[in-house]
Amino acid sequence: MKAQLDDLMRDAGLEALLILGAARHNPAMVYFTGIRHIGEGVLVIRRGRAPVLYCHPMEREEAARSGLQSRVVDWARLHERAQGDSVEELSLLLQHTLEEQEVSGRVAIYGRREAGEAQGALSRVEQRMPKVSFVAESRFSSVLGRARITKDADEIDRIRRVGQITVEVVRAVMDFLSSGYADDGRLVDRGGKPVTVGEGKRLIQRLLAERGADNPEGTILSVGRDAGVPHSAGQDGDIIYLGQPLLLDLFPCEAGGGYFHDFTRTWCLGHAPDDVAELHAIVLHAYREAVSALRAGEKALTAQARVCDIFESQGHPTTRSHPGTLNGYVHSLGHGVGLDIHETPALRLAVEGEARLEAGMVFAVEPGLYYPDQGMGMRLEDTFWLRPDGSPEVMAEFPMDLVLPVRARRASSRRQSARKSGASEKR
């Protein structure tokens, strides 16, 4: 949380944090400013002092709405001095902010800017300000990353709202799929046209936009073999067949790049083959066992180890028993969720797995089993919050049923469609 920031900076030997870029789709900046119409800003956070936001004159009102101290920069003067050199313009801007805030010592850099420009500008600032040195930090173990690892009440409320939007959209997608008809092993619409993955994705995009959510990372909606490759997004032209695993992984955020929510369900339309039903049962069992191991004070790796035990006992390879496997359980159990879709903590078997869970953490739990060559993949996922008492709470409840019912298409409808098709061919 932000309240920890001074102590974290002191422990890391940092005098200041410097955050660059917009106040939209820029997690480090949005963490302090909220989502604002600020296209180019510099936030200086000096240890022991309140943050100060530097902005363009045209964006002064947006900067003021952030609630932070703000300063308007004479951008025209900077542009004139830089003579069209964008690297020089940025370096002059950064130098101005650091000098005005009397910053010296080690400074950590955050935010989103063109990498080449940022590197060149920071190098020039160090040459002009020898008492300032810029520090590179690992993304997940950085000072800001550690501050963001636990969420306050407002952050929890915002993630929960995105979760509610998510399950509303998923419910609408289920209704859309169940309104189709079974015809010759395929899902078809009322006109007899096969339903495709692309139609599902376009529906999701529209429903999210209508509810005030963004989808910057895209959607995974994959069938058959693609469902057996965890991050295969699915092909728009793929037809949805009955009895085939259909995996929906949805991870929207607040409009403008705010807080995310992460959610996955795997369905079969009409019926589930025995091997798919067996996969679903074991993944659901692993999910429940993992959740039972989520408590503040537990090692982050505990739940992942429990899931590996379950899958291995049923003969499925895991990353523990078969490192690098592309079949079975091929990924970690989960990850933190916040202003980035992947944050700390990491629920995996690794060195940092010695870290312990804390109240206030928000993370996704997503066990899965994958067999692409058999045309199968199965994943179930929810986003959890560790409450003040250390117990887990799912942030958006939703059923985990495997089979979605569809209606058989009536013979008369098929004949009518065939007649229309024949008439079209004659024309």
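A nonpolar core is a set of buried Ala, Val, Leu, Ile, Met, Phe, Trp, Tyr and Cys residues joined through side-chain atoms within 4.5 Å. In this predicted model, the largest such core has 41 residues, and Leu5, Leu17, Ile19 and Phe32 have the most contacts inside it. Helix α2 (residues 27-33) supplies the largest share of this core, namely five residues. Beyond its neighbours within four places in sequence, Phe32 is in contact with Lys2, Leu5, Ile19, Leu43, Ile45, Ser66, Leu68 and Leu144. A second, separate core comprises 37 residues, among them Ala290, Val291, Phe384 and Leu402. In soluble globular proteins, nonpolar side chains tend to be buried together.

**Confidence**

The average pLDDT of the protein is 92, and 95% of the residues score at least 70. Residues 423-427 stay under 50, and the model has zero contacts beyond four places in sequence for them. Where pLDDT is low, the predicted coordinates should not be read in detail.

**Helix α10**

Helix α10 covers residues 274-292, 19 residues in total. From its first C-alpha to its last it reaches 27 Å, close to the 27 Å expected at 1.5 Å a residue. The buried residues of α10 include Val276, Leu279, His280, Ile282, Val283 and Leu284, as well as Ala286, Tyr287, Ala290 and Val291. Of these, Ala290 and Val291 belong to the second core. An α-helix has 3.6 residues a turn, so residues three or four places apart point the same way.

Strand β17 (residues 368-371) runs antiparallel to strand β18 (residues 376-379), and four bridges join the two. Within this pairing, Tyr370 stands opposite Gly377 of β18. Gly368 and Tyr370 point one way from β17, Leu369 and Tyr371 point the other way, and all are buried. In a regular strand the side chains alternate between the two faces of the sheet. Four residues lie between the strands of the hairpin, where Gly375 takes a positive phi near 70 degrees.

**Salt bridges**

The count of salt bridges in the model comes to 31. Side chains of opposite charge can pair when their charged atoms come close.

| Pair | N to O distance |
|---|---|
| Arg124 and Glu88 | 2.9 Å |
| Asp340 and Arg148 | 3.0 Å |
| Lys151 and Glu343 | 2.8 Å |

Arg124 forms a salt bridge with Glu88. Arg124 lies in helix α6 (residues 115-128) and Glu88 in helix α5 (residues 86-100), so the pair ties together parts that are 36 residues apart in sequence. Arg124 is partly exposed at 28% relative accessibility, whereas Glu88 is buried at 15%.

Asp340 and Arg148 also meet in a salt bridge. Because Asp340 is in the loop between β14 (334-336) and β15 (343-347) and Arg148 in the loop between α7 (143-147) and α8 (153-178), the pair ties together parts that are 192 residues apart in sequence. Asp340 counts as buried at 15% relative accessibility, and Arg148 counts as buried at 10%.

Lys151 and Glu343 form a further salt bridge through their side chains. This pair links distant parts of the chain, with Lys151 in the loop between α7 and α8 and Glu343 in strand β15, 192 residues apart. Both Lys151 and Glu343 are buried. Through shared partners, salt bridges join Arg112, Arg148, Lys151, Asp340 and Glu343 into one network.

How values were computed: Residues numbered from 1 in each chain as written. Predicted model: local features only at pLDDT ≥ 70, side-chain atom pairs only at ≥ 80, totals over all residues. Heavy atoms only, no water. Buried < 20%, exposed > 50% of the residue type's maximum accessible area, 1.4 Å probe, protein only. Pairing = 2+ DSSP bridges. Expected span 1.5 Å × (residues − 1). Salt bridge = Lys/Arg side-chain N within 4 Å of Asp/Glu carboxyl O. pLDDT = per-residue confidence, 0-100. Contact = heavy atoms within 4.5 Å.
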